[in-house]
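Good morning, everyone, and thank you for making time for this. Please have a look at the sequence and the model on the screen, and then I will walk through a few places in the fold.

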Amino acid sequence: MHFQPTLSNEFVKIVPLSTEDFEDLFTIASDKLLWGQHPENNRYQKDVFLKHFQEAVQSGTAFKVIDVKTGNTIGSTRYYDYHEKEKHLAIGYTFIDRKYWATPYNRALKNLMINYAFQYVETIIFHVGNTNFRSQKAVEKLGAIHSKTDVKPDTGKTYFTFSLTKNNWKE
């Protein structure tokens, strides 16, 4: 599996994330309301976002999300936690500009990433904060099922794990 393919559909294009993308993404991420339900709700702060961004670039699995109609950067996402033997990986760290919420863009982004990943894995995992109700509903609409609850030892924050199998995938 190639972890940073360039993929596109009628709404979005994803391209490998690079250090040059910081300013465009921070312009979006600096919106405090974007992170309201997120466990790391201070990610709108430049130093906090910079750490997140650097980790994303270093992961070698992160993307910049582009609106194909305008060419504008609208967010970021990534693959992570790939387990070849168990045939699963996670999709997450996703955020898109709030003006794209409640539009077909987030679903188009997930369709693109899920369809590509299901060529290589049997299960896709989503880790969602226990207070991030918007994201919980979004992954449930994909067909993902809440399978586990965890507390991150380093932060004490509670996360839900949702699992999406090929059989449950509601494209």
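Thr 73 lies in strand 4, where strands (E, at least two residues) and helices (H or I, at least four) are DSSP runs numbered from the N terminus. This is a predicted model, in which local features need pLDDT of at least 70 and side-chain atom pairs count only at pLDDT 80 or more, while totals for chains, interfaces and linings use all residues. Residues are numbered from 1 along each chain as its sequence is written, and side-chain values use heavy atoms, with hydrogens and water left out.

Is Thr 73 buried or exposed? With a relative accessibility of 16%, Thr 73 counts as buried, because buried means under 20% relative accessible area, exposed means over 50%, and partly exposed is in between, using a 1.4 Å probe and protein chains only. If we leave aside neighbours within four places in sequence, Thr 73 is in contact with Asp 24, Leu 25, Ile 28, Lys 64, Val 65 and Ile 66, contact being heavy atoms within 4.5 Å.

In helix 1, which spans residues 22-29, the buried residues are Phe 22, Leu 25, Phe 26, Ile 28 and Ala 29. They cover an arc of only 155° around the axis, and therefore sit on the same side of helix 1; the arc is that of the directions from the helix axis to the C-beta atoms. As a reminder, an α-helix has 3.6 residues a turn, so residues three or four places apart point the same way. Among the elements that cover the buried residues of helix 1 are helix 2, strand 4 and strand 5.

Helix 4 can be read in the same manner. Its buried residues are Gln 136, Val 139 and Leu 142, and they cover an arc of only 120° around the axis, which puts them on the same side of helix 4. These buried residues pack against helix 3, strand 6 and strand 8, whereas the face of helix 4 turned away from its buried side carries the exposed residues Lys 137 and Lys 141. Gly 143 follows helix 4 and has a positive phi, near 110°.

Which residues touch the most other members of the largest nonpolar core? Of its 32 residues, they are Val 12, Ile 114, Ile 124, Phe 126 and Leu 164, and a nonpolar core here is a set of buried Ala, Val, Leu, Ile, Met, Phe, Trp, Tyr and Cys residues joined through side-chain atoms within 4.5 Å. Helix 3 gives the largest share of this core, 8 residues. A second, separate core has 13 residues, including Leu 17, Phe 22, Phe 53 and Ala 62.

Lys 87, in the loop between strand 4 and strand 5, has a positive phi of about 55° although it is not a glycine, and Lys 87 is partly exposed, with a relative accessible area of 39%. Ala 102, in the loop between strand 5 and helix 3, likewise is not a glycine and has a positive phi of about 60°, and Ala 102 is exposed, at a relative accessible area of 90%.
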